[in-house]
Amino acid sequence: MIEIVIFSVGLAITAAGAVIFSKAAIRLARLLKIKRIVIGATVVSLATTAPETVVAVISSLANHSGLALGNALGSPVANIGLILGLVLLFGKVNFEKNVLRLSYLLIILTVFSFLVSFFQKTINFVGGFLLILASLFYLWFLFKTQEEPAELEPELEVISVLKNFFQTLKLFFKLIFGLGLIIFGGFAIISGGVNLAKILGASEIFIGLTLVAVGTSLPELALAIASIFRKTISVSVGNLIGASVLTLTLTLGIAAVIIPVKVTSSVLIIDFPAILAISLIFLLAQIWHFNHRILGASFLIFYLLYLAVLKIVG
């Protein structure tokens, strides 16, 4: 079946692009003396949410806002429940201050997105604009609160800039190439995955919450797997939380600015509470120092239960 082929090719291309982009981003972070978790929560997150953003734009332009909403809400649950669950199960995470700060931001912006959806029922241009502003605030806050690196002597600073210029330029082109693969792969995932799901007779929002959400979260999954082997778990954790925030704010905001997104009662009752619950669990786990493997297994079980509820609801 051609839909399966297109979907599988999209998965492979997206995963390859995510690995290329993440490697370049991590090296660039070292050159710029940016904390790994910050680069993971900002630059890498912006890249790995590119498929979700592509889906939002295409879905809205094609008047399929339900697909955009389902993807925007399903991806954060997949990021934390499925992918972070795997990271915690197979790799050790140090719950440092920056991770705790990111968790607080995720919960605050999740509640903000919920309130915008709850009071408007349909997220219109104004609501979408507010969500985009929230994403910009998130990015500004992370860079604003980052600790300043130690300054070099003037002579050493000039040498360092000259030495790193060509490395930075090379990494920049790798970032662009990796991002291009992610976007191209995202198109293939949606083209093959949505058609395949429609053949199976699934509803539009169910497609977005499950198949498309997991498919567009593959960059995060690829980065998570790579981070476990490369011992760069902090980048993956920062990316997973950052991608969840940006999907809830930037991706959903862009979709709503293009065309109003109708919010169903099941979304308010099931999906937003699921994101908030799993985010709160992660926050409490850091405060109370839960065993990371038990926490990872709990997240995976939570995600399976979430899918079961979606299947029952329909």
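## Fold and model

From the N terminus on, the elements of the protein chain follow the order α-α-α-α-α-β-α-α-α-α-α-β-α-α, which comes to twelve helices and two strands, where helices (H or I, at least four residues) and strands (E, at least two) are DSSP runs numbered from the N terminus. The model is predicted, with local features needing pLDDT of at least 70 and side-chain atom pairs counting only at pLDDT 80 or more, while totals for chains, interfaces and linings use all residues. Residues are numbered from 1 along each chain as its sequence is written, and side-chain values use heavy atoms, with hydrogens and water left out.

## Burial and contacts

Of the 314 residues of the protein chain, 52% count as buried, a term for under 20% relative accessible area, with exposed meaning over 50% and partly exposed in between (1.4 Å probe, protein chains only). Among contacts (heavy atoms within 4.5 Å) between residues at least 6 apart in sequence, 87% join residues at least 24 apart.

Asn239, found in helix 10 (residues 233–258), is buried because its relative accessible area is 0%. Asn239 and Ala224 are separated by 15 residues in sequence and, C-alpha to C-alpha, by 8.8 Å in space.

## Positive surface patch

Lys23, Arg27, Lys170 and Lys174 gather on the surface in a patch of positive charge, to which helix 1 (2–31) and helix 7 (154–199) each supply at least two residues. Such patches are made of residues with over 30% relative accessible area and no salt bridge, like charges being joined within 9 Å; a salt bridge is a side-chain nitrogen of Lys or Arg within 4 Å of a carboxyl oxygen of Asp or Glu. Lys23 lies in helix 1 and counts as partly exposed because its relative accessibility is 38%.

Definitions and conventions
Patches are made of residues with over 30% relative accessible area and no salt bridge: like charges are joined within 9 Å, nonpolar side chains (Val, Leu, Ile, Met, Phe, Trp, Tyr) within 5 Å. Accessible areas come from the Shrake-Rupley method with a 1.4 Å probe; for residues, only the protein chains shown count as cover. Lys and Arg count as positive and Asp and Glu as negative; His and the chain ends are not counted. The place of a charge is taken as NZ of Lys, CZ of Arg, CG of Asp or CD of Glu.
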